[in-house]
Amino acid sequence: MTAGPTPYSTRRAVEESDLQACFQVRKDVFVGEQNVPEDLEYDDYDATAVHVLAVSDDGTALGTGRLLHGADAAGKTGGDLTVGSLGRLAVSREARGLGVGAALVRAIEDEARTLGLAAVDLHAQTHALGFYERLGYVAYGPEFPDAGMPHRAMRREIRPA
């Protein structure tokens, strides 16, 4: 997958080094740029979530996201166990505008299909609604605060693999 001058790829983060890269991108974006308290950024779900990582051809971590599924996702999806919950999507400042965020969303959807899920939910910061709408997500329900920022719930049906 190539976008502009920076070739990159996405993959499921399995190795400890990949997971650490995911957490570092999240720290840079959410804690560093958006001032989310570090104790809110990391949670127990990190241990059971499916994490995805975007890396440039030289191995630099460009972005990350995670998928909660099963009981972990139920609290965010209205209890529907066929719906996964996409979250913690972050793209490093240097990689923005290259298509990395969209590639990560698609990689998370692919992981959700592999798990047999029928849809993916997410809680989008309101400034990002247009980004997710372009990827096929539909907002539902009222605006709500999360980590001090306004959010909306969104969902996209996915077809099984």
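These exercises work through selected features of a predicted model.

The model is predicted, so local features need pLDDT of at least 70 and side-chain atom pairs count only at pLDDT 80 or more, while totals for chains, interfaces and linings use all residues. Residues are numbered from 1 along each chain as its sequence is written, and side-chain values use heavy atoms, with hydrogens and water left out.

**Exercise 1. Describe the setting of strand β3.**

Step 1. Helices (H or I, at least four residues) and strands (E, at least two) are DSSP runs, numbered from the N terminus. Buried means under 20% relative accessible area, exposed over 50%, and partly exposed in between (1.4 Å probe, protein chains only).

Step 2. Seven of the seven residues of β3 are buried, so the strand is largely enclosed by the rest of the structure. V50, V52, A54 and S56 point one way, and H51, L53 and V55 point the other way.

Step 3. Two strands pair if DSSP finds at least two bridges between them. Strand β2 (residues 6-12) pairs with β3 in the antiparallel sense over five bridges, and R12 has V52 as its bridge partner in β3.

Step 4. Strand β4 (residues 61-68) also pairs with β3 in the antiparallel sense, over six bridges. Here V50 stands opposite L67. The hairpin of β3 and β4 has four residues between the strands, and G59 takes a positive phi near 95° in this hairpin.

**Exercise 2. Find the aromatic pairs and describe the one formed by F23 and Y42.**

Step 1. Rings of Phe, Tyr and Trp (its six-membered ring) pair if their centres lie within 6.5 Å; planes under 30 degrees apart count as stacked, over 60 as edge-to-face and the rest as tilted. A search of the whole structure finds three aromatic pairs.

Step 2. F23 and Y42 form an edge-to-face pair, 5.8 Å centre to centre with 90° between the planes. F23 lies in helix α1 (residues 16-33) and Y42 in the loop between α2 (38-41) and β3 (50-56), so the pair ties together parts that are 19 residues apart in sequence.

Step 3. F23 is buried at 18% relative accessibility, whereas Y42 is partly exposed at 23%.

Step 4. The ring centres of F131 and Y132 are 4.9 Å apart and the planes stand at 75°, so this pair is edge-to-face. Ring pairs link F131, Y132 and Y137 into a cluster.

**Exercise 3. Locate R88 and A147, each with a positive phi.**

Step 1. Most residues other than glycine have a negative phi.

Step 2. R88 has a phi near 55° and lies in strand β5 (residues 83-91).

Step 3. A147 has a phi of about 50° and lies in the loop between β7 (138-146) and β8 (149-157). A147 is partly exposed, with a relative accessible area of 34%.
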